[in-house]
Amino acid sequence: MVNREIFNPEKIQIGISSCLLGQKVRFDGGHKNSNYCNIDLAPFFDYISVCPEMAIGMGAPRKTIRQELDGDKIYLKSADGSIDVTDKLEEYSQKRVGELDFIGGYILCAKSPTCGMERVIEYKYGTNNGTKSGVGVFAKKLMDTYPELPVEEEGRLHDPVIKENFITRVYAYHEWHTLQAEGWTKHKLMQFHARYKYLLMAHSPQWYRDLGPILANIDDLDAAAQSYFVGFMTALKIKATRKNHTSTLQHIQGYFKKHLSKEQKQELTESIMKYREGLLPLLVPITLINHYLREYPTPYIEGQVYLNPHPEALRLRYAY
């Protein structure tokens, strides 16, 4: 249950590794400032800055720590063994993560033994033999506690498909928590599902078909809502393909068949097919559909999140 006292329905709050905001918290006293986070994303979100190593008092600069694996146990130690902060970092991660139920997403710093989302080096205990198979201790606690939370590493956000998928999930996750904070009813859940129909179809037609029955036969409202939410976020995590986008666009096109002239129908069809062939970005057919909606209002389609899953100013549908 989201903390209503901290949750802000008006502006999405996102957790972020402090070093990505230019804070000098790294082991060498430096930072990993992200222009994308600080310039492109900052106007749209409120950041909740976290650096586990600074939070437990390690200071900067400091000795580097690493993950050492002994059986199933992960230790957080310096390479020379003089520092062991395993217990402190586990206790901090447990406490801090428990306070973050109100956020809408999280952006992590790659490779960090505390904040890395994947491919963190794990050393065999007491040796220098390492493999890139670990997850940062804080990142793991975060993802285990909130498995549906949109989480990404900053470096991966340079991929336009991953970036658009992450931001789409952030906005959807936030809308769900807004609905939860307001208090859901069966009617509200059905409306939510109806608004997300075409976005779900673009990501996973199978999940769209599977989610409807969850809301059609509700005995326990809270249990049904939670089951729906897990499936909903699982569906959105699947990257939308050109094939699914094309099918979705064609479904929407069908709503205009009684209104558009022959030339307009041809124009829309060509833009969808050129998108499918990779000759146009998704923005082009989407823009054309929004244009026709202004000429021929269709409330059901106008309400579809698929057409505007995130602010246009983020320019996320220009690159693919």
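**Figure 1. Arg-315 in the segment after helix 13.** In this predicted model, Arg-315 is found in the segment that follows helix 13. Its phi is positive, at about 55°, although Arg-315 is not a glycine. Most residues other than glycine have a negative phi. At a relative accessibility of 53%, Arg-315 counts as exposed, because the exposed class begins over 50%.

**Figure 2. The salt bridge between Arg-317 and Glu-164.** The side chains of Arg-317 and Glu-164 meet in a salt bridge, with 3.8 Å from N to O. Arg-317 belongs to the segment after helix 13 (299–302), whereas Glu-164 belongs to helix 5 (residues 160–182), so this pair ties together parts that lie 153 residues apart in sequence. Both Arg-317 and Glu-164 are buried.

**Figure 3. Salt bridges around Arg-96.** Arg-96 and Glu-99 form a salt bridge in which the closest N and O atoms are 3.0 Å apart. Glu-99 is partly exposed, with a relative accessible area of 32%. Together with Lys-95, the residues Arg-96 and Glu-99 are linked in a network of salt bridges. In the whole model, the count of salt bridges comes to twelve.

Figure 4. Glu-53 and Arg-62 are joined through their side chains by a salt bridge of 2.9 Å, N to O. Both of these residues are buried. The view also includes Pro-61, which lies in the loop between helix 2 (52–55) and strand 3. The peptide bond leading from Ala-60 to Pro-61 is cis, and its omega is near 0°. Most peptide bonds, by contrast, are trans.

Figure 5. Strand 3 (residues 66–70) pairs with strand 4 (residues 73–77) in the antiparallel sense, over five bridges.

Figure 6. Lys-111 lies in the loop between strand 5 (105–108) and strand 6 (120–124). Its phi is near 75°, a positive value in a residue other than glycine. With a relative accessible area of 67%, Lys-111 is exposed. On the surface, Lys-111 gathers with Lys-32, Arg-119 and Lys-132 in a patch of positive charge.

**Figure 7. Asn-129 and the extent of the protein.** Asn-129 is placed in the loop between strand 6 and strand 7 (130–134). This residue counts as exposed, because its relative accessibility of 53% is over the 50% cut-off. From Asn-129 to Glu-277 the separation is 148 residues in sequence and 47 Å in space, taken from C-alpha to C-alpha. The C-alpha trace of the protein spans about 75 × 50 × 35 Å along its principal axes. The protein contains 13 helices and eight strands. Of its 320 residues, 48% count as buried.

Note on methods: Residues are numbered from 1 along each chain as its sequence is written. This is a predicted model: local features need pLDDT of at least 70, side-chain atom pairs count only at pLDDT 80 or more; totals for chains, interfaces and linings use all residues. Side-chain values use heavy atoms; hydrogens and water are left out. Patches are made of residues with over 30% relative accessible area and no salt bridge: like charges are joined within 9 Å, nonpolar side chains (Val, Leu, Ile, Met, Phe, Trp, Tyr) within 5 Å. Accessible areas come from the Shrake-Rupley method with a 1.4 Å probe; for residues, only the protein chains shown count as cover. A salt bridge is a side-chain nitrogen of Lys or Arg within 4 Å of a carboxyl oxygen of Asp or Glu. Lys and Arg count as positive and Asp and Glu as negative; His and the chain ends are not counted. The place of a charge is taken as NZ of Lys, CZ of Arg, CG of Asp or CD of Glu. Helices (H or I, at least four residues) and strands (E, at least two) are DSSP runs, numbered from the N terminus. Buried means under 20% relative accessible area, exposed over 50%, partly exposed in between (1.4 Å probe, protein chains only). Two strands pair if DSSP finds at least two bridges between them.
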